[in-house]
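Welcome, and please open your viewer.

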Amino acid sequence: MRAAFLLILFCLGASQIAPATDANYKQVTITSGTNYVRVRLPLTDVTGKVRVKEITAAGFGIPVAPSKTALGEKNYLEWQIGYDTSNPESPSAVPQIKFTRKGETKYGHELAKIVFECVRLGLLTTNDLIHELASLKQITAADFEESRPVQIEATTNAGNGFQSSVERLPQFTKTTPHGSVQIQLKQKQRAVGYQAMVYVCIPMTEILSLDGTPRQSAKAKSKETVLYDFNRANTPFLLDIVHAFGIASQQHNEDIQKILAGILESPR
Ligand code: ADE
């Protein structure tokens, strides 16, 4: 009996210190301190939402293998940040923020949770959100980046029986001292046409180790996770990310308006 009790205690203890399983290592998590909102990102999930890239002059980063390259000044994390989920139980969801898109119930997620927490902590004011909401309402159909034309250069004969043509996909970048936000037009994966994708780009020099100190230049360890803090210094960057969704497409604009209105109405 005593042995069984000790075994249960041991297993409970082991589960606390066990290394992150695949699923929870890849999970982006958002936690709050007294004066910051902390995002934990996976560093080696190269097929997922967070990728390590090398900075290039033209702003189109080159993907790198994080465990084979010393990640430092030349590198940044490209995070395809989300703002909604169908699952209110997700660790980075904010179930109080509920809205409908095309008849489906959605809950705030990732970006929504960061903004919600920043308002709760007083890092962003309700006035900031009211101002942003008013600015999003003023964007008209022709302004959305998704409606920019994608150019196909005239086809030329490559001389070997093949025709050569070039597709030019626009990209829009807002750069701040703490990171940048990009809107990239991409071919839709399961439909015809183009969609605007929003990426948060964080220089490795702004990234923290799990102990909260700046991460030193080094190759990524297996399943390494890292931190990025939103605080008083970079809330303008956070508003730039919100705004990027607002100018990306009509759908993103409508969704983000519902999320900001939800945050304003929600008790904190
Ligand atoms: N929908 C939710 N997150 C998105 C993102 N980062 N880019 C495009 N669409 C999205």
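**From the cavity to the ligand**

Let's begin inside the protein, keeping in mind that this is a predicted model. The lining of the largest cavity is made up of seven nonpolar residues, with no polar and no charged ones. To see them, select Leu111, Ala112, Val115, Val242, Ile256, Ile259 and Leu260. The space they line has a volume of about 30 Å³, and a search of the whole structure turns up one cavity of 30 Å³ or more. Now colour helix 3 (111-121) and helix 6 (250-265): these are the elements that give two or more residues to this lining.

Next, go to the ligand, which takes up the space of the largest pocket. Show its surroundings by selecting Gln80, Ile81, Gly82, Tyr83, Ala196, Met197, Val198, Phe245 and His252. This shell divides into six nonpolar residues, three polar and no charged. Which strand gives the largest share of the shell? Highlight strand 15 (residues 194-203), the source of three residues.

On the backbone side, a polar atom of Ile81 is 2.6 Å from a ligand nitrogen, and a backbone N or O atom of Val198 lies 2.9 Å from a ligand nitrogen. Switch to a surface view to finish: the ligand taken alone exposes 260 Å², and the protein buries 84% of that.

How values were computed
Residues numbered from 1 in each chain as written. Predicted model: local features only at pLDDT ≥ 70, side-chain atom pairs only at ≥ 80, totals over all residues. Heavy atoms only, no water. Near = heavy atom within 4 Å. Polar contact = N/O pair within 3.5 Å; in protein donor to acceptor, adjacent residues only side chain to side chain. Areas by Shrake-Rupley, 256 points an atom, 1.4 Å probe, with all protein chains shown as cover. 1 Å grid on protein atoms, 1.4 Å probe; cavity = no way out; pocket = protein on both sides within 12 Å on 5 of 7 lines; lining within 4 Å. Sits in = over half its atoms within 2 Å of the grid points. Helix = DSSP H or I, 4+ residues; strand = E, 2+ residues; numbered from the N terminus. Nonpolar A, V, L, I, M, F, W, Y, C, P; charged D, E, K, R; others polar. Points joined across faces, edges and corners; volume = space filled by probe spheres on them.
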